[in-house]
Amino acid sequence: MRGRHRATDLRSNGFVAIAAGTILPLVAIGAVYGGYRAMSTSGCSGTVRLSVAASPEIAPVIKDVAAQWMKTNPRVNDECVAVDVVSVASSEVAAAIAGESGATMPGLGQADGKTQVPQVWVPDSSIWLQRMRAAREDLVALAAPSLARSPIVLAVPEPTAKQLGWIENKVTWKQVLEQIVGDTRIVPGIVDPQRDSVGVSTLVAMASVKDQFGPQGDSLTVGAVKSLMSGKSEQQSGLIGRFPRDADPRTLSTSVTLAPLSEQALHAYNATGPAVPLIAVYPDPAPIALDFPYAAMPRLAPDREAAADAFRQQLTGAAFRNQLAQHQLRGNDGTVGTGMTLSPSAPPGGQVTPVPEAGVINKAMQMWIEITQPSRMLAVVDVSSAMSKPVPTAGGLTKSQVAVQAATGGLDLFPDTWAVGLWCFSTEMPGGHDYQQLVPIGPLTTQRDQLRGALGGLKPNPKGGSGLYDTILAAYQNVQQGWDSGRGNSVVVVTGGRNNDPSGISLDGLITALQRTEKADQPVQIIIIGVGTEVNEAEMQRIVDATGGAVFIASDPSKIGGIFMKALALDDGR
């Protein structure tokens with residue numbers, strides 16, 4: 001492993017050995033990435049070369065500090081230090097590190113083949129480090145102190161912000177989500193969160209507060225994510241290019257009028273003198289700010305490790321904070337240096353939202369994936385007599401009525417890119433099976449109303465038992481037969497009781513049949529939502545363990561709406 005890193009070190013500095021003791025420049029990083037090389041070799045026994053890849057927002061500051069430091073002739077063990085600073089998007093460096101180590105970063109894609117792995121990486125956010133540690137814990141160092149801060153704001157064109165009353169008033173996330181979902185003046189946009197830490201920070205903030213909104217929380221969050229998806233850009237430049245160029249009402253109605261950006265990016269945009277400036281809205285609670293961690297790569301040679309530590313010590317103090325301020329960045333504690341002016345609604349310095357654990361970040365990103373990426377799902381709803389029992393906590397509605405309400409609400413939140421079908425199941429069904437197809441799996445663009453009508457027509461069979469096991473096997477086989485490599489493929493079963501079909505397959509028989517049918521390269525997940533206390537969770541868990549999936553039990557059926565949405569946010573197994 002050390003040999004691989006040393007080879008990369010040479011490439012990243014633009015040198016190749018062509019003869020013993022001879023090193024000539026091949027391609028200067030500065031020519032490729034606009035980087036800066038600073039070095040001093042006077043009276044040195046050798047040179048320690050340190051390559052630094054920094055996010056474009058902070059790279060100019062780090063280049064300036066490197067140039068100033070080189071004038072002092074820094075050394076490590078009597079060897080001169082040469083620092084190469086290149087400006088590279090964080091997503092490209094992350095892909096290069098993952099690619100070199102054979103790790104997988106979901107949604108990131110392959111490395112571009114040009115970005116080299118540096119000795120020091122300064123991404124725009126510690127979110128990147130958490131994501132990489134989740135992929136493989138040794139990809140980046142555990143210690144990576146922050147160099148600067150840039151809060152995440154909602155960028156809103158000034159005319160729209162005035163109409164909404166958001167210029168100087170405190171704005172909560174509930175207000176934001178309600179406006180995104182229901183206000184035609186809002187045309188939202190976002191940079192793909194799988195490649196952008198501002199997008200990830202926004203999702204984490206939304207996910208962290210949705211439970212505070214009561215029954216509306218899931219629908220508001222899913223609706224907002226769908227709206228943001230409709231305005232997604234692959235890069236920040238593409239998103240910024242869609243802000244309005246004039247205040248004409250027609251232009252405002254077709255341009256992006258709300259998008260998460262860093263405070264620095266918003267200031268940079270306004271500094272260009274646009275006809276319609278952007279207002280920085282600071283939602284409460286604050287999303288995770290960009291924090292620009294200084295991450296020396298693991299397994300550096302001792303001399304490079306010492307050089308990296310020595311250079312990091314130059315990136316601190318009041319003078320460095322003032323240099324950051326010239327580029328509209330705050331100090332690492334959130335305070336502001338000389339020359340940077342904040343908007344009246346900006347929170348004071350010193351307030352820092354900590355970066356959460358990798359699990360929190362991954363959960364928020366999974367929410368995005370599940371809601372925005374196309375899925376192929378067969379919904380299977382119990383209509384046995386068990387579903388006719390009333391639910392005291394739901395105003396006397398039956399289990400069936402509660403389940404249908406939840407499923408209908410979920411249907412309204414599915415994007416048009418999904419394909420959905422519907423079965424019902426009970427013994428004594430027409431055709432001699434324990435299940436009946438009501439709507440075949442098909443695109444929601446053409447059969448959403450048909451599905452809604454079929455759900456509304458579901459009624460419990462007062463004489464029907466639960467042919468649960470036969471139904472699950474048949475549904476699994478049906479989804480597998482039409483398996484789609486471009487989608488998540490799943491079976492979602494809503495049941496109110498235990499299998500009680502004496503002539504049907506047993507639990508052990510079902511598990512054996514599922515294991516025999518399962519194909520590793522064509523995964524189909526089974527998600528079971530149990531309604532009430534009659535469902536045997538241990539039995540259901542055995543079923544999903546055979547194929548992948550999860551069991552959710554609504555012991556209080558009136559709460560099934562929230563559980564239904566949690567089930568839909570499950571990993572699709574692609």
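I started at Cys80, which is buried, with a relative accessible area of 0%. I take buried as under 20% relative accessible area, exposed as over 50% and partly exposed as in between, with a 1.4 Å probe and protein chains only. The model is predicted, so local features need pLDDT of at least 70 and side-chain atom pairs count only at pLDDT 80 or more, while totals for chains, interfaces and linings use all residues. Residues are numbered from 1 along each chain as its sequence is written, and side-chain values use heavy atoms, with hydrogens and water left out.

**Disulfide**

I searched the whole structure for disulfides and found 1. The cut-off is a pair of cysteine sulfur atoms within 2.5 Å. Cys44 is joined to Cys80, with S to S at 1.3 Å. Cys44 sits in the loop between β3 (36–38) and β4 (47–54) and Cys80 in strand β6 (residues 79–87), so the pair ties together parts 36 residues apart in sequence. Helices here are DSSP runs of H or I with at least four residues, strands are runs of E with at least two, and both are numbered from the N terminus.

**Aromatic pairs**

I counted 3 aromatic pairs in the structure. Rings of Phe, Tyr and Trp (its six-membered ring) pair if their centres lie within 6.5 Å; planes under 30 degrees apart are stacked, over 60 edge-to-face, and the rest tilted. I looked up Trp423 and Tyr435: the ring centres are 5.0 Å apart and the planes at 10 degrees, so this pair is stacked. Trp423 belongs to strand β19 (residues 419–425) and Tyr435 to strand β20 (residues 435–443), so the pair ties together parts 12 residues apart in sequence. Trp423 is buried at 5% relative accessible area. Cys424 is buried too, with a value of 5%.

**Sheet**

Next I traced an open sheet of 3 strands, in the order β13-β9-β14, with antiparallel pairing. Strands pair if DSSP finds at least two bridges between them. The edge strands are β13 (259–262) and β14 (278–281), each pairing on one side only. Neighbouring strands are turned by 45 degrees against each other on average, direction ignored. Strand β9 (residues 152–157) is joined to β13 by 4 bridges. Ile152 stands opposite Ser262 in β13.

Helix α8 (residues 197–209) lies across β9 and β13, at about 120 degrees to β13. Axes are lines fitted to C-alpha atoms, for helices over the stretch in contact, and angles run from 0 to 180 degrees between N-to-C directions.

**Cores**

A nonpolar core is a set of buried Ala, Val, Leu, Ile, Met, Phe, Trp, Tyr and Cys residues joined through side-chain atoms within 4.5 Å. Which residues have the most contacts inside the largest one? They are Trp166 and Trp173, in a core of 36 residues. The largest share, 7 residues, comes from α15. Another core, of 32 residues, lies apart from it and includes Leu50 and Val81.

I listed contacts of Trp173 beyond four places in sequence; among them are Leu154, Met206, Phe213 and Pro285. Contact means heavy atoms within 4.5 Å.

**Two last residues**

Gln480 is in helix α18 (residues 468–481). Gln480 is buried at 9% relative accessible area.

Is Lys463 buried or exposed? Lys463 is exposed, at 74% relative accessibility. Lys463 lies in the loop between α17 (444–456) and α18. Beyond four places in sequence, Lys463 touches Thr427 and Glu428.
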